[in-house]
Amino acid sequence: MKSFLCAILFAAAFAFAQNADSLTAQNSAQSTAADSAQKLSPFDHLGKNMLGSAFSWPLGFHMLGGALTYKLSMEDKDLMVARFAARHNGLTFNLVFGQGMVLGTACPFLVPGYMYFISDNKSLNNTGAVAVQATAVAFLYNNILKAVSGRAHPDAENNSGDLSRDFKWGFFRRGVFYGWPSGHSMTNASLAMSIASYNRDNPWIVAGCGLYAGYIATSMVLGGKGEAHWLSDAVAGTLMGATIGWYIGNTFYKEKQGKASSLPKVTVAPLFYDDTKGAVVSLRF
């Protein structure tokens, strides 16, 4: 219940910031008018965005996440941070970062869900559609990476450099609960940065989303005796998720600004009707 209320407060704070008084007056007014004139779906441009967020310019940041993971684990920076978290498992850490772990679990579902399905604010509905798509894409990619990497989690009682470098490469050798990168960091960074990218005309939203993504990543490293994830898991997950979210949010932002000509004309949507299951592909000319 607490996490649900926090998620609703997150969405409410976003709505307040989105409607805050005269921020960059003319641009905000034009952006809001354009946003209210269309109705977005989480399935708009899905195929293009899935490919682009994996193989377009975000690929460089995905590779950087992998390189930083190698460096942080080989130089035992992961081990140092994990041991620090294990030593500082007091009330303050649990209150501050434990709540972040709870929010990191609930918000990727509750915040986009509230925005898209519950709110009667059309601009917020459109932001929710963008956030739903970005979060879903990040969640899918994260589970694929975890299924392949199989990295061991930190162990507060038995942390070692070897443990931080314990990967089980293959398919589902440790399922999808153990692995690299941090799923909480990746999905929440994608959620936050898709909202920031789509609403970049409002600096308060951009700053708040950036702080939120950083807080969740920090919580996954320092909360719970440091046993949730290594530092490099959170660093890589945040880099990957943030670029996925920004890429997807940018696609919809361009459309909102009237630059739809650069967007793909193919839309894919699932079809579930009686005994018919499949997908509908639409082509716009």
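The protein chain contains 11 helices and two strands, where helices (H or I, at least four residues) and strands (E, at least two) are DSSP runs numbered from the N terminus. This is a predicted model, in which local features need pLDDT of at least 70 and side-chain atom pairs count only at pLDDT 80 or more, while totals for chains, interfaces and linings use all residues. Residues are numbered from 1 along each chain as its sequence is written, and side-chain values use heavy atoms, with hydrogens and water left out.

**Overall architecture**

- From the N terminus on, the order of elements in the protein chain is α-α-α-α-α-α-α-α-α-α-α-β-β.
- Of the 285 residues in the protein chain, 48% are buried. Buried means under 20% relative accessible area, exposed means over 50%, and partly exposed lies in between, as found with a 1.4 Å probe on protein chains only.
- Among contacts in the protein chain with a separation of 6 or more, 79% join residues 24 or more positions apart. A contact here means heavy atoms within 4.5 Å.

**The largest pocket**

- The largest pocket holds about 490 Å³ of space. A pocket is an open set of points, on a 1 Å grid over the protein atoms alone, where a 1.4 Å probe fits, with protein on both sides within 12 Å along at least five of seven lines. Grid points are joined across faces, edges and corners, and the volume is the space filled by probe spheres set on the points.
- The lining of this pocket comprises 22 residues, and Phe109, Phe139, Gly183, His184 and Thr187 lie nearest its centre. Lining residues have an atom within 4 Å of a point.
- Helix H6 (91-118), helix H7 (122-149) and helix H9 (183-198) are the elements that give two or more residues to the lining of the largest pocket. H7 gives the most, with seven residues.
- By class, the lining of the largest pocket has 11 nonpolar residues, 10 polar residues and one charged residue. Ala, Val, Leu, Ile, Met, Phe, Trp, Tyr, Cys and Pro count as nonpolar, Asp, Glu, Lys and Arg as charged, and the others, Gly among them, as polar.

**Packing of H6 against H9**

- The axes of H6 and H9 are 9 Å apart, and the two helices pack at an angle of about 40 degrees. Axes are lines fitted to C-alpha atoms, for helices over the stretch in contact, and angles run from 0 to 180 degrees between N-to-C directions.
- H6 and H9 cross in a left-handed manner; a crossing is left-handed if the near helix is turned anticlockwise from the far one by less than a right angle, and right-handed if clockwise.
- On the H6 side, the residues that meet H9 are Met101, Leu103, Gly104, Thr105, Cys107, Pro108, Val111, Pro112 and Met115. On the H9 side, they are His184, Thr187, Asn188, Leu191 and Ile195.
- This contact of H6 with H9 involves nine nonpolar, five polar and no charged residues.

**Buried residues and their contacts**

The contacts listed below leave aside neighbours within four places in sequence.

- Pro42 lies in the loop between helix H2 (25-36) and helix H3 (46-55), and Pro42 counts as buried because its relative accessibility is 11%. Pro42 is in contact with Tyr116, Ala129, Val132 and Gln133. The C-alpha atoms of Pro42 and Ala129 are separated by 4.6 Å, although the two residues are 87 residues apart along the chain.
- Thr69 belongs to helix H4 and is buried, with a relative accessible area of 4%. Its contacts are Asp78, Arg151, Phe167, Trp180, Ser232 and Ala236. Thr69 and Leu231 are 162 residues apart in sequence, and their C-alpha atoms are 8.4 Å apart in space.
- Ala196 lies in helix H9 and is buried, with a relative accessible area of 0%. Ala196 is in contact with Ile205, Val206, Cys209 and Trp246.

**Backbone features**

- Most residues other than glycine have a negative phi, and most peptide bonds are trans.
- The peptide bond from Trp180 to Pro181 is cis, with omega near 0 degrees. Pro181 is placed in the loop between helix H8 (161-164) and H9.
- Asp76 has a positive phi, near 60 degrees. Asp76 sits in the loop between helix H4 (58-74) and helix H5 (77-87) and is partly exposed, with a relative accessible area of 27%.
- Lys225 has a positive phi, near 65 degrees. Lys225 is in the loop between helix H10 (203-222) and helix H11 (231-256) and counts as partly exposed at 31% relative accessibility.
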